[in-house]
Structures are given as C-alpha cells and as structure tokens.
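Try each task before you read its solution.

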Amino acid sequence: MESRKSEKRYLMERSLGLKIHDIDFEDVKQVANKKKIFLASPHMGGHEMRFIEEAFDTNWIAPLGPNVENFEKEVADYVGIDGAVALSSGTAAIHMALKLIGIEPGDLIFCSSLTFAATCNPIVYEGGKPVFIDSEPQNMNMSPKALEKAFKYYQGKGQLPKAVLVVHLYGQVADMDAIEEICNKYQVPIIEDAAEALGATYKGRYAGTMGDYGIFSFNGNKIITTSGGGMLVSRNKEALKKALFWSTQSRDKARHYEHSELGFNYRMSNVLAGIGRGQLLVLKERLEKKKKIFETYQWALAGIEDIEMAKICDYGESNYWLSTMFLKQDSTIKVIDIIEALEKENIEARPIWKPMHKQPFFEEYRFFSHNEVGISVSEEAFERGICLPSDTKMTIEEQIRVISIIRNLFAYGM
C-alpha cells in the first residue's frame with residue numbers, strides 16, 4: 001500500500017512538472033493576491049469569435065440560424081443521441097421535458113433533493129408536486145433505496161409519479177442501472193438533469209442519453225458555456241419537434257400569427273450558439289483540466305484525516321465539474337472556517353447544494369430518506385461538503401495556494 005502511495009505521488013509530481021515542497025509560498029501569495037481565484041468562471045478557448053463573426057457577417061442575429069442548428073447537431077453527435085434542441089437555459093430544457101412527458105396539475109415528479117433549485121422549479125411551473133429523493137453515500141446522487149421507498153409508498157396510495165427527475169451531481173453520474181431498473185418496473189419515464197455533467201459517462205454511455213430526455217446547461221460556470229443557455233436531447237425526434245414548436249411561441253403554420261397552444265420564448269440565439277460551437281472544440285481540454293484539478297486536491301490533501309475528497313465511482317468517468325470535499329463529522333474545522341479563510345485571500349469557495357427538502361419554498365413537499373433513522377445523507381452532505389475552486393484558468397501556483405491555506409487550517413503547513 002505504501003509503495004503504491006509513493007508511486008502515485010511520484011506520478012503526480014511528474015504530471016505537475018514540479019514538487020509541491022519546492023514551491024516558495026510567499027512568492028505564490030504575492031502573485032496570486034493580485035487577482036481573484038474563482039470557483040468556476042467562463043473560459044474562452046479562442047475559437048468562439050470565428051462563429052460569432054460569421055453570425056454578424058451573415059446578419060443571423062436571432063434565435064435561429066446556422067450556428068443554432070449546427071450546435072444542436074454537434075452536441076447530439078458528441079453524446080451519441082438522435083437529436084437536440086438548443087434553448088435559453090437548462091431550466092427551459094427541463095420545463096420542455098416535463099411538458100413532453102405530459103405533466104399536469106397535481107402530478108407527482110420524483111426528484112433528487114441534493115441539487116440546485118432550477119431542477120425542481122419547472123415542476124411547480126406546471127402545477128406538479130415534487131417528491132424529493134435522498135442521496136446515497138457512494139456518490140451523493142439519487143439513492144435507489146430511497147427511490148424504491150417512494151414508489152412503494154405512492155403505489156400503496158394508487159398514485160405513481162409522472163416521471164423521475166435524476167440529477168448527475170457535480171459531474172458524477174448517478175447509478176443509472178439501479179435507477180432504470182426501478183423505473184422500468186413501474187413503467188415511469190426518466191428525465192436526466194445533466195446540467196453539470198456534459199462529457200461524463202456511465203458504463204460507456206454519456207450522461208443525458210440514458211433517460212427519455214436529457215438536459216445540459218451552458219451557464220457561465222459550466223464546463224463549456226454559451227453565456228447562458230441549455231439543451232434538450234432525446235432519441236425521440238418527434239418529441240423534440242414539439243419542444244421546438246413550444247419554445248418558439250407555439251406559432252402554427254399560417255401566413256398570419258396563429259397560436260393554438262401556449263408557447264414560450266425559449267430558443268437559443270444564433271450568436272450564443274456560436275460561442276457554444278467554439279467551446280465544444282475545447283471540451284476535451286476542459287475535461288482533462290478539471291480532472292487534473294481534482295487529482296491535485298486529492299493528492300495534496302490526502303494526509304489530512306479530517307478530509308475526504310468526493311468519491312469517484314468506477315462505473316464511469318466524471319467530468320469533475322467542481323472538486324468537492326467532505327469533512328469528518330467531528331472535525332474541529334468546519335466548512336464555514338475554510339470558506340472564510342479562503343475568502344480573506346480573495347478565493348471563492350462554496351458549500352455544496354442545500355437539499356431542496358430543506359428549502360423554505362419546498363419544505364411542504366414529501367421527502368424520502370436513504371437512512372432509516374437520523375439525519376439524511378443529503379443533509380449530512382450539506383453540513384460537511386464544500387466546493388473548492390475548480391476554475392480551468394486556475395494555474396498550478398494558484399491551486400497550491402488554495403491547498404496551502406486549507407492545510408494550514410489543519411496545522412499541516414506545507
């Protein structure tokens with residue numbers, strides 16, 4: 001075991017091109033203090049202006065055009081799915097997916113609790129009722145055990161959900177085989193919120209392609225960005241045509257403006273799609289950088305007993321969107337201590353998502369815990385979890401500075 005640790009350390013140092021103990025931390029501080037270290041910020045790859053200029057030169061400054069159509073095809077081809085619709089946000093994509101599965105007022109949607117509010121807000125837009133499902137300890141994603149509990153409970157009441165909305169948290173795909181098995185048993189469709197997981201895989205399948213519908217986000221903090229934007233993907237091309245119709249104000253085919261259904265202004269602009277096309281060209285580089293950031297934290301913080309980096313499941317490849325770590329329950333250093341110590345040095349870090357079932361707006365809705373007694377997995381994760389700076393523009397010197405501050409809090413000076 002010790003020899004394997006030594007080998008990993010050697011390989012890590014070689015990949016970094018330096019030995020962490022050789023860094024002059026005073027120099028690092030002086031350089032890094034000059035600018036903020038972000039949690040995750042937009043990172044242009046140098047190809048974007050070609051597509052943007054083309055949009056301007058051809059006057060396609062509208063929510064349609066060649067960049068939109070090509071971006072849809074390129075994303076669909078990348079993840080290996082039949083089609084895609086580029087929309088104004090990941091939230092809009094979830095909303096369209098819910099409408100496509102036929103959500104009506106009063107319908108139940110089983111939804112991951114450990115997520116951002118954008119996952120479940122569209123349920124309420126349509127008058128549905130979210131039922132929140134706890135995480136499992138292995139990957140902090142939807143717990144199949146808690147999901148089965150929810151199905152059995154509502155089956156006993158004669159009411160099954162209209163869909164299961166599963167989130168792939170921080171780029172780690174949920175255990176989809178187990179979730180699919182349960183949903184297939186009850187014949188309930190799956191919507192994948194892969195907003196944080198573009199490029200991540202599960203047993204050779206890309207996040208967003210395993211359910212009936214998948215969604216991606218291209219918000220400014222995501223692994224690639226269109227400034228703001230999202231995409232709905234599916235193997236059901238007819239359903240995607242319907243989503244396109246709804247997202248362009250449900251305009252019927254007529255010489256005049258005719259509307260037989262409620263519509264939405266959800267289409268992505270041709271200019272923003274151009275940014276996305278340029279970003280897609282550097283996705284491989286972004287995935288490699290995110291993984292290296294995570295592995296550097298994992299290596300440099302390994303000696304601190306109170307710290308554990310997020311588990312990476314061996315059934316697939318995470319996209320490592322945000323590097324997350326967890327403190328032991330009895331650690332004298334708390335999440336807020338780390339956040340404030342980094343904040344003093346102009347470094348951004350955040351707690352992990354506060355579970356939706358603990359949010360004031362959503363606390364009236366039912367929640368199913370992974371645990372039989374005591375605090376839920378998602379609540380405990382919120383208490384102990386922190387998202388560390390994972391910006392792909394972050395230099396190794398800047399990351400070492402982050403690591404040094406954390407280690408010093410635990411009296412592990414480097």
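A residue counts as buried at under 20% relative accessible area, as exposed at over 50%, and as partly exposed in between, using a 1.4 Å probe and protein chains only. The model is a predicted one, so local features need pLDDT of at least 70 and side-chain atom pairs count only at pLDDT 80 or more, while totals for chains, interfaces and linings use all residues. Numbering runs from 1 along each chain as its sequence is written, and side-chain values use heavy atoms, with hydrogens and water left out.

**Exercise 1. Cysteines**

Task: work out how many disulfides there are, and look at where Cys111 and Cys183 stand.

Solution. Start with the rule: a disulfide is a pair of cysteine sulfur atoms within 2.5 Å. Apply it, and the count is zero. Next, take Cys111: its nearest cysteine sulfur belongs to Cys120 and sits 5.0 Å away, and Cys111 is in no disulfide. Then go to Cys183, whose sulfur is 12 Å from the closest cysteine sulfur, that of Cys111, which is too far for a bond. Finally, check burial: Cys183 is buried at a relative accessible area of 0%, and Cys111 is buried with 0% as well.

**Exercise 2. The nonpolar cores**

Task: find which residues touch the most other members of the largest nonpolar core, then list what Phe110 is in contact with.

Solution. First, the term: a nonpolar core is a set of buried Ala, Val, Leu, Ile, Met, Phe, Trp, Tyr and Cys residues joined through side-chain atoms within 4.5 Å. The largest one holds 64 residues, and those touching the most other members are Phe110, Ile133, Leu147, Phe151, Met176, Ile179 and Phe218. Now zoom in on Phe110. Taking contact as heavy atoms within 4.5 Å, and skipping neighbours within four places in sequence, its partners include Val131, Ile133, Met142, Leu147, Phe151 and Tyr154. Pro161, Ala163, Val164 and Leu165 are also among them. Another core, of 34 residues, lies apart from the largest one, and Ala93, Cys111, Tyr213 and Phe367 are among its members.

**Exercise 3. Helix pairs**

Task: how do H7 and H8 pack, and how do H12 and H14?

Solution. Get the conventions down before you start. Helices (H or I, at least four residues) and strands (E, at least two) are DSSP runs numbered from the N terminus. Axes are lines fitted to C-alpha atoms, for helices over the stretch in contact, and angles run from 0 to 180 degrees between N-to-C directions. Angles under 35 degrees count as roughly parallel, over 145 as roughly antiparallel, 65 to 115 as roughly perpendicular, and the rest as oblique.

- Step one: the axes of H7 (residues 144-156) and H8 come within 9 Å and cross at roughly 15 degrees, which makes H7 roughly parallel to H8.
- Step two: look at who meets whom. Residues of H7 including Leu147, Phe151 and Gln155 meet residues of H8 including Ile179, Ile182 and Cys183.
- Step three: H12 (residues 335-344) and H14 (residues 396-409) pack at about 135 degrees with axes 10 Å apart, so they are oblique to each other.
- Step four: Asp337, Ile338, Ala341 and Leu342 of H12 make the contact with Val402, Ile405, Ile406 and Leu409 of H14.

**Exercise 4. Positive phi**

Task: where do Tyr170 and Tyr320 lie, and are they buried or exposed?

Solution. Take Tyr170 first: it isn't a glycine, yet its phi is positive, at about 55 degrees. Tyr170 lies in the loop between strand E4 (163-167) and helix H8 (176-186), and is buried, with a relative accessible area of 7%. Now Tyr320: its phi is positive too, near 55 degrees. Tyr320 lies in the loop between strand E10 (307-309) and strand E11 (323-327), and counts as buried at 7% relative accessibility.

**Exercise 5. Far in sequence**

Solution. Ala349 sits in the loop between H12 and strand E12 (350-351) and is buried at 11%. The C-alpha atoms of Ala349 and Ile386 are separated by 7.2 Å, though the residues are 37 apart along the chain. Val79, in helix H4 (residues 66-79), is buried at 5%. Val79 and Ala207 are 7.9 Å apart, C-alpha to C-alpha, across 128 residues in sequence.
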